[in-house]
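Here is a quick tour for anyone meeting this structure for the first time. Take a look at it, then read on.

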Amino acid sequence: KQEVTQIPAALSVPEGENLVLNCSFTDSAIYNLQWFRQDPGKGLTSLLLIQSSQREQTSGRLNASLDKSSGRSTLYIAASQPGDSATYLCAVGYGQNFVFGPGTRLSVLP
Amino acid sequence: ETGVTQTPRHLVMGMTNKKSLKCEQHLGHNAMYWYKQSAKKPLELMFVYNFKEQTENNSVPSRFSPECPNSSHLFLHLHTLQPEDSALYLCASSQVNEQFFGPGTRLTVL
């Protein structure tokens with residue numbers, strides 16, 4: 001059974017810092033990995049999708065990497081801003097099934 | 001309307017009531033999903049429909065009954081719910097494995 005964990009559970013940083021969020025999964029037979037952000041009480045916003053054949057994806061200040069063999073993905077956020085404050089979730093996909101991690105709650109302080 | 005929409009956004013119901021949640025996607029996707037998000041728990045996949053056919057049912061109690069009349073619409077019929085069913089119910093759609101989420105329905109069962 002696929003299990004997804006995220007470290008840290010919560011993170012508080014001053015504005016302008018670069019930071020890394022971690023996602024680990026137990027079964028490396030995945031089709032893809034997707035990173036989302038969720039604002040309190042809202043739906044999920046897709047940030048980046050990495051297919052299993054890819055090593056990384058970039059969008060603006062965000063960079064996500066994938067190492068299938070070790071069961072790990074990282075989300076790098078450069079020059080963090082208060083507007084980045086949210087919960088960040090990773091999800092591994094295989095077939096039509098998706099398993100989500102518990103999320104990392106990020107607070108960026110002005 | 002664009003993306004994935006959900007109605008109602010908030011719902012309060014008694015344990016003997018029958019209600020339905022509605023999801024509509026305007027993205028031309030073939031797959032649609034229902035998720036449950038409870039406080040302090042990871043997102044739980046409930047049902048998956050692919051081309052209107054149910055392909056996943058993750059041991060969801062029968063008091064939750066999904067319906068997918070076409071690839072653009074998904075319903076979740078609720079009856080005789082329990083207070084522990086109170087949660088944020090999220091709908092998503094996907095094409096080639098990238099998921100897009102609606103804003104969710106906040107359900108409270110009294």
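Predicted model: local features only at pLDDT ≥ 70, side-chain atom pairs only at ≥ 80, totals over all residues.

## Chain A at a glance

Let's start with the fold. Chain A has 11 strands and zero helices, so its pattern along the sequence is simply β-β-β-β-β-β-β-β-β-β-β. Its C-alpha atoms fill a box of roughly 40 × 25 × 20 Å along the principal axes. A compact globule of 110 residues would have a radius of gyration near 13 Å, and chain A agrees, because its own value is 13 Å.

Of the contacts in chain A with a separation of 6 or more, 53% are between residues 24 or more positions apart. As for charge, chain A carries 8 positive and 8 negative side chains, and the centres of those two sets lie 4 Å apart.

## A closer look at A:Leu62

A:Leu62 sits in strand S7 of chain A, which covers residues 62–67. Is A:Leu62 buried or exposed? Its relative accessible area is 14%, and buried means under 20%, so A:Leu62 counts as buried.

Which residues does A:Leu62 touch, leaving out those up to four places away in sequence? They are A:Leu47, A:Leu48, A:Gln57, A:Leu75, A:Tyr76 and A:Ile77. A:Gly43 is another story: it is 19 residues from A:Leu62 along the chain, and their C-alpha atoms are separated by 20 Å.

## Chain B at a glance

Chain B also comes with zero helices and 11 strands. Its C-alpha trace spans about 40 × 25 × 25 Å along the principal axes. Chain B has a radius of gyration of 13 Å, which agrees with the value near 13 Å for a compact globule of 110 residues.

Buried residues make up 45% of chain B. The chain exposes about 5,200 Å², with carbon and sulfur atoms supplying 50% of it.

## Where the chains meet

The contact takes 19 residues from chain A and 22 residues from chain B. Together they bury about 1,600 Å², and carbon and sulfur atoms give 51% of that area. On the chain A side, A:Gln96, A:Phe98 and A:Phe100 lose the most area to chain B, together 36% of what that side buries.

How values were computed: Residues numbered from 1 in each chain as written. Chains lettered and ligands numbered in written order. Heavy atoms only, no water. Helix = DSSP H or I, 4+ residues; strand = E, 2+ residues; numbered from the N terminus. Rg over C-alpha atoms; globule rule 2.2 N^0.38 Å. Contact = heavy atoms within 4.5 Å. Lys, Arg positive; Asp, Glu negative; His and termini not counted. Charge placed at Lys NZ, Arg CZ, Asp CG, Glu CD. Buried area = accessible area lost by both parts, 1.4 Å probe. Buried < 20%, exposed > 50% of the residue type's maximum accessible area, 1.4 Å probe, protein only. Areas by Shrake-Rupley, 256 points an atom, 1.4 Å probe, with all protein chains shown as cover.
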